[in-house]
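This report describes how two protein chains meet. Please look at the structure below before reading on.

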Amino acid sequence: MLILESVDAHYGKSHVLHGVSIEVRAGEVVGLLGRNGVGKTTTLKAIMGMARRTGGRITFEGRDLQGVPPHGLARLGIAWVPEERRIFRLLTVLENLRTGLDRPGITPAHRDALLEKVYAYFPILKERRHQAGGTLSGGEQQMLAIARAMMLEPKIILLDEPTEGLMPRMVAQIQEIVHALHRDGVAILLVEQNVPLTLDAAGRVYIMEKGAVRHHASAVELRADPRVIHEYLGV
Amino acid sequence: MDQILVQTLHGLVNGMVLAMVASGLTLIFGIMDIVNFAHGDLLMLGAFVGASVVGVTGNYWLALLVAAVVIAILGALLQITTLRPLIGRDPLTTILATFGVSLVIQKYALWQWGPSVRRINEPVPGDFTLFHLQYPWYRIATAVLAGLIITGLWLFLKYGKYGIWIRATTQDRVMAQAMGIPVPLVYTGVFAIGSAMAAASGVLFGPFAGVTQTMGFDFTLRAFIVVVVGGMGNLAGSILASIFVSLLESYAAIVVSPAQAVIVSFVVLVLTMLFRPTGLFVPTPK
Ligand SMILES: Nc1ncnc2c1ncn2[C@@H]1O[C@H](COP(=O)(O)OP(=O)(O)OP(=O)(O)O)[C@@H](O)[C@H]1O
Ligand SMILES: [Mg+2]
């Protein structure tokens, strides 16, 4: 469904991605592991058209993303949950959700059903729906970022380090939601530093180093043989 | 004492018109990070369009509506043709472009309507007596109408679907795009709304002092001052600052001549820049 073929990307003059090839099939959860600064976030940004792509090809359901405007990706079914969460801080929780909900062609009934579904996953967001996004705790903001992406009813979610800096209880909740999305048939490209969580949630895993994919294996293999993980991630 | 009351009323009325001009300017600044130096000229153009419609139909309220719609469309076209191609460039480039647009509009107005003052008759006749002074009802009506229009804008931004698009884009353009909000269209829309507000202000202000081809710059300057004083891009701040500065000018006019009273707003501007560059009416950012 989502295919990156030898993607190169630059920030100004610095060459960050060197021929990254990744594939995510429909409904699949794919992990992307790697140490700090290896280019995981940049890979997601390249998909979103936010990093300057200087080589290779990115296609989604056979369609080259080159000519798609930045706001057109959501319509195609690609949602992004950035590392910094990027909640609209002055918008209330509900207004944050509405940025993805107020789409052309959505019926009021469908809209309400979607909201209720997300509130069922994240009751705390319902409780705080009239509160400004900026006043939420880190974990709540992460939930809001995921919930906001879900409003688009995406085919794939690009999920960038969702558990970074969260308390264990919150991490467990995020893990649960990843499973739930998977059950719903949503594909996920999961960037993580949390290896156990990634190996639990993902079917396949890519490991990056210095801007390139160095290893690709199923989660089952990696669980059975942790040496690779140790080599590239030092854990 | 009665002089103070009269000047308070005067300041409030002027403040409401200024608030309407400034709210368009601050909305555009908040979302696009540019000061639109053609804002006052769009106001002037709106006033001329309004004066022409009044001239033909005699209907002031129709003129207000037509001016707002015509200038909104013009604003949208201006944004698409001259500002949209500059998105992502140095903001200075865009600001210079608005300056160019300002000059073009002024010269056009001079060519089209000539240098003389055009009058717009007051749509609400009659005066009321305030102490020793006859105060026109029209000015009160203007202040009320400006207040209603600003409230309408506020409600739209607060509850409307497109209002949420505008606020989200103002806060984080990249994230807004990722959520599927068509940001280029939002920019054009905001520019159109700002232009319509300017044009409506021009028609509202028209009966006060007439319409001239040079009236725009004064409004751009005054609106710019209150936008800075109120905190760039902060709508509520700009509105409060408009009223605050207009009241101060009004009071100053008791002791000095009105022409000198204008200096008060520059003093407020300079003091704000020196001591509270984020604006008088916003909480100090952490
Ligand atoms: N905006 C930027 N401008 C210039 N260089 C950047 C920028 N963003 C990231 N980089 C550099 O690009 C490289 C890859 O960064 P990236 O954020 O993709 O890494 P990452 O794998 O997501 O790391 P982390 O685990 O810390 O999030 C790093 O060396 C980083 O310093
Ligand atoms: Mg990262």
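With which residue does A:E95 form a salt bridge? The partner of A:E95 is B:R167, and their closest N and O atoms are 3.0 Å apart. A:E95 lies in helix 3 of chain A and B:R167 in helix 6 of chain B, so the pair joins two chains. A salt bridge here is a side-chain nitrogen of Lys or Arg within 4 Å of a carboxyl oxygen of Asp or Glu.

**Basis of the report**

This is a predicted model, in which local features need pLDDT of at least 70 and side-chain atom pairs count only at pLDDT 80 or more, while totals for chains, interfaces and linings use all residues. Residues are numbered from 1 along each chain as its sequence is written, chains are lettered from A and ligands numbered from 1 in the order in which they are written, and side-chain values use heavy atoms, leaving out hydrogens and water.

**The interface**

The size of an interface is often given as the accessible area lost when the parts come together. Between chain A and chain B, the buried area (accessible area, 1.4 Å probe, lost on being put together and summed over both) is about 1,900 Å², and carbon and sulfur atoms give 62% of it. In chain A, the residues that lose the most area to chain B are A:H71, A:R86 and A:F88, together 30% of what that side buries.

In terms of contact (heavy atoms within 4.5 Å), 21 residues of chain A touch 21 residues of chain B. Three salt bridges are counted between chain A and chain B. One of them joins the side chains of A:R86 and B:D172, at 2.8 Å from N to O.

**Two helices that meet**

Helices are DSSP runs (H or I, at least four residues), numbered from the N terminus. Helix 3 of chain A and helix 6 (residues 161–171) of chain B pack at an angle of about 100°, with axes 10 Å apart; axes are lines fitted to C-alpha atoms over the stretch in contact, and angles run from 0 to 180 degrees between N-to-C directions. The two helices are therefore roughly perpendicular, a term for angles of 65 to 115 degrees.

From helix 3 of chain A, A:E95, A:R98 and A:T99 meet B:K161, B:I164, B:R167 and B:A168 in helix 6 of chain B.

Notes: Buried area = accessible area lost by both parts, 1.4 Å probe. Parallel < 35°, antiparallel > 145°, perpendicular 65-115°, else oblique.
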